[in-house]
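Student: Could you walk me through how to read the packing and the rings in a protein model? I'm new to this.

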Amino acid sequence: MKLSHLQHSKEQIFKQLYEEYYASFCLYAKRYIDDKDTREDIVSDVFASLWDKLDTDSFDLQSDTALGYIKMCVKNSCLNFLKHQEYEWSYAETIQKKAPIYETEPDSVYTLDELYRMLYETLDKLPENYRTVFMKSFFKGKTHVEIAEEMNLSVKSINRYKQKTMELLREELKDYLPLLFLLFYRA
C-alpha cells in the first residue's frame, strides 16, 4: 500500500511539474529552434523521458535540481535536433549537386584521359597561383591553411583563388562539370 501511495505521489508531482513548466520550457526551446511544433515535440519528448524515469527511485522530482535537469535535457535535445538537421541539409545539398551522368551526357562516353585533358586545358587559362591552389586542394587534399602556409599567402587569398577557379570551371566546362566532380572525388 505504501509503494502505491509513493507512486501516486510521484505521478502527482510529475503532473504538477508538467502543467507548470511545459509552456516555459517550450519558450526556452525557442532560443534554439524557431518552429513551434518542433519545440513542443522536443519538450514533450523530454517530459516523456522523465516519465519513464518515475519507475526508478534514482530520480527525485522534488529536488532543486529537477528543473535544472529538465532545462539541460531540453537544451541538449534542441542542439541535437539542429545538428541532425544540419546533417540532413548538407546531405540533401550534396545529392542535389550530383547530377547523374546519364542526365548530362546521355550519348557521350568520355575516357578519364579526355576529362583530364579538358580540365587541364581550362586550368591553363588561369594564373599559376590559381592553378596551384586548385591542384593542391582537389588533387592533394590539402586544407586552405596548409596551402596558405606552403605558398606564403593568406587563407583569404586561397579562398579567393579557389573561388575564381571554380567560377571559370563552371563557365567553361558547365556541360562536363558533373563528370569532372567525379574525378575530384576519385583523386
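Student: Okay, which residues in H5 meet which residues in H6?

Tutor: Keep in mind that this is a predicted model. On the H5 side you have Tyr116, Leu119, Tyr120 and Leu123, and they meet Arg131, Phe134, Met135 and Phe139 in H6. Sorted by class, that contact has seven nonpolar, no polar and one charged residues.

Student: And how do the two helices lie, in angle and axis distance?

Tutor: Helix H5 covers residues 112-123 and helix H6 covers residues 128-139. They pack at an angle of about 145°, and their axes are 11 Å apart.

Student: Next pair, then. At roughly what angle do the axes of H7 and H8 cross?

Tutor: Helix H7 (residues 144-151) and helix H8 (residues 155-172) have axes that cross at roughly 105° and come within 8 Å. Angles from 65 to 115 degrees count as roughly perpendicular, so that is the word for H7 and H8.

Student: Which residues meet there, in H7 and in H8?

Tutor: From H7 it's His144, Val145, Ile147, Ala148 and Met151, while H8 brings Val155, Ile158, Asn159 and Lys162. By class, the contact of H7 with H8 has six nonpolar, two polar and one charged residues.

Student: Now the rings. What describes a pair of aromatic rings?

Tutor: Two things: the distance of the centres and the angle of the planes. This structure holds ten aromatic pairs. Take Phe14 and Tyr18: their ring centres are 6.4 Å apart and the planes sit at 25°. Planes under 30 degrees apart count as stacked, so this pair is stacked.

Student: Where do Phe14 and Tyr18 lie?

Tutor: Both are in helix H1, residues 2-29, four residues apart, which is about one turn of the helix.

Student: Which residues form the aromatic cluster?

Tutor: Phe14, Tyr18, Tyr21, Tyr22, Phe25, Phe47 and Trp51 form one cluster.

Technical notes:
Residues are numbered from 1 along each chain as its sequence is written. This is a predicted model: local features need pLDDT of at least 70, side-chain atom pairs count only at pLDDT 80 or more; totals for chains, interfaces and linings use all residues. Side-chain values use heavy atoms; hydrogens and water are left out. Rings of Phe, Tyr and Trp (its six-membered ring) pair if their centres lie within 6.5 Å; planes under 30 degrees apart count as stacked, over 60 as edge-to-face and the rest as tilted. Axes are lines fitted to C-alpha atoms, for helices over the stretch in contact, and angles run from 0 to 180 degrees between N-to-C directions. Contact means heavy atoms within 4.5 Å. Ala, Val, Leu, Ile, Met, Phe, Trp, Tyr, Cys and Pro count as nonpolar, Asp, Glu, Lys and Arg as charged, and the others, Gly among them, as polar. Angles under 35 degrees count as roughly parallel, over 145 as roughly antiparallel, 65 to 115 as roughly perpendicular and the rest as oblique.
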